[in-house]
Amino acid sequence: MELSRDIMDGLTNILNTNIITDDIFLQILDMATSYIYENPAEIKCIIKTVDSKPILTKKIFADMVCLLVEAARYDLDEESLRNFLNLLYIDEKRTNKLCEVYINNKTAIQSQLELIGSNPPHIIDVDWHLDYCVKLDMCNSLGVPLYHVRFTTKEHETTNHVTFSCTIQQLQELVFKLKDAIRYSEKLTNV
């Protein structure tokens with residue numbers, strides 16, 4: 001896990017009980033976890049009432065949020081996070097509390113991180129069947145096979161279906177473009 005030097009220096013402020021008391025530490029930790037997966041607008045007014053040192057409190061709050069998000073992003077387990085915090089010489093009691101809160105909220109933080117970004121949906125399944133179109137309203141006979149394809153896509157936690165029909169030439173073109181995309185992706189990974 002990589003954090004900037006500024007954030008790591010800010011996290012060492014957690015160690016100093018003269019800077020933040022245990023009560024304020026627990027309040028900031030609670031606010032940081034709720035900020036990640038709840039309403040961020042409510043936090044602004046709470047931070048102002050927590051301490052007589054609002055700038056330092058905001059800095060510690062931001063550093064804790066960064067720590068929790070980065071730990072969840074790197075999918076750290078409790079022992080890895082504990083080792084990282086021990087490198088910063090954070091008090092054992094506070095390290096235990098940080099690890100406990102992180103482990104209890106890890107999946108919620110990770111699910112919130114999945115919601116960030118504008119990634120397209122992932123195709124998780126494909127169904128298809130072949131029909132033979134004998135006649136249409138516009139002409140007497142057609143005699144063309146039609147493929148009906150249904151992609152099952154997943155975006156975040158929702159599953160959707162994309163359905164379309166195509167001729168054999170259109171399906172061959174789709175397959176060719178997919179193979180071309182695979183070759184291009186493999187070429188990029190080998191560079």
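Q: Where is Thr 33 found?
A: This is a predicted model, so local features need pLDDT of at least 70, side-chain atom pairs count only at pLDDT 80 or more, and totals for chains, interfaces and linings use all residues. Residues are numbered from 1 along each chain as its sequence is written, and side-chain values use heavy atoms, with hydrogens and water left out. Helices (H or I, at least four residues) and strands (E, at least two) are DSSP runs, numbered from the N terminus. In that numbering, Thr 33 belongs to helix 2.

Q: Which residues does Thr 33 touch, not counting residues up to four places away in sequence?
A: Touching here is contact, that is, heavy atoms within 4.5 Å. With residues up to four places away in sequence set aside, the partners of Thr 33 are Leu 68, Val 101 and Asn 105.

Q: How do helix 2 and helix 6 run, roughly parallel or roughly antiparallel?
A: Axes are lines fitted to C-alpha atoms, for helices over the stretch in contact, and angles run from 0 to 180 degrees between N-to-C directions. Under 35 degrees counts as roughly parallel, over 145 as roughly antiparallel, 65 to 115 as roughly perpendicular, and the rest as oblique. Helix 2 and helix 6 pack with axes 9 Å apart at an angle of about 10°. That makes the pair roughly parallel.

Q: How many charged residues are in the contact of helix 2 with helix 6?
A: Helix 2 brings residues including Asp 22, Phe 25 and Thr 33, while those from helix 6 include Lys 93, Arg 94 and Lys 97. For the classes, Ala, Val, Leu, Ile, Met, Phe, Trp, Tyr, Cys and Pro count as nonpolar, Asp, Glu, Lys and Arg as charged, and the others, Gly among them, as polar. The contact of helix 2 with helix 6 has nine nonpolar and three polar residues, and its charged count is four.

Q: How far apart in sequence are the parts that Arg 94 and Asp 22 tie together?
A: Side chains of opposite charge can pair when their charged atoms come close. A salt bridge needs a side-chain nitrogen of Lys or Arg within 4 Å of a carboxyl oxygen of Asp or Glu, and Arg 94 forms one with Asp 22, with 2.8 Å between the closest N and O atoms. Arg 94 lies in helix 6 (residues 92–114) and Asp 22 in helix 2 (residues 22–37), so the sequence gap between the tied parts is 72 residues.

Q: Where does Asp 75 lie, given its tie to Lys 106?
A: Lys 106 and Asp 75 form a salt bridge, with the closest N and O atoms 2.9 Å apart. The two are 31 residues apart in sequence: Lys 106 lies in helix 6, and Asp 75 in the loop between helix 4 and helix 5 (78–87).

Q: Which residues join Asp 6 in one network?
A: The structure holds 11 salt bridges. One of them is local: Arg 183 and Asp 180 both lie in helix 7 (residues 168–190), three residues apart, about one turn of the helix. Elsewhere, salt bridges with shared partners link Asp 6 into one network with Lys 59 and Asp 63.

Q: Which residues of helix 4 (residues 54–73) make the contact with helix 1?
A: The axes of helix 1 (residues 5–12) and helix 4 come within 9 Å and cross at roughly 115°. That makes helix 1 roughly perpendicular to helix 4. Helix 1 supplies Asp 6, Ile 7, Gly 10 and Leu 11, and helix 4 supplies Lys 59, Ile 60, Asp 63, Met 64, Cys 66 and Leu 67.

Q: Which residues does Trp 128 touch, not counting residues up to four places away in sequence?
A: Trp 128 is in strand 1 (residues 122–133) and counts as exposed at 57% relative accessibility. Leaving out residues up to four places away in sequence, Trp 128 touches Tyr 147, His 148 and Val 149.

Technical notes:
Buried means under 20% relative accessible area, exposed over 50%, partly exposed in between (1.4 Å probe, protein chains only).
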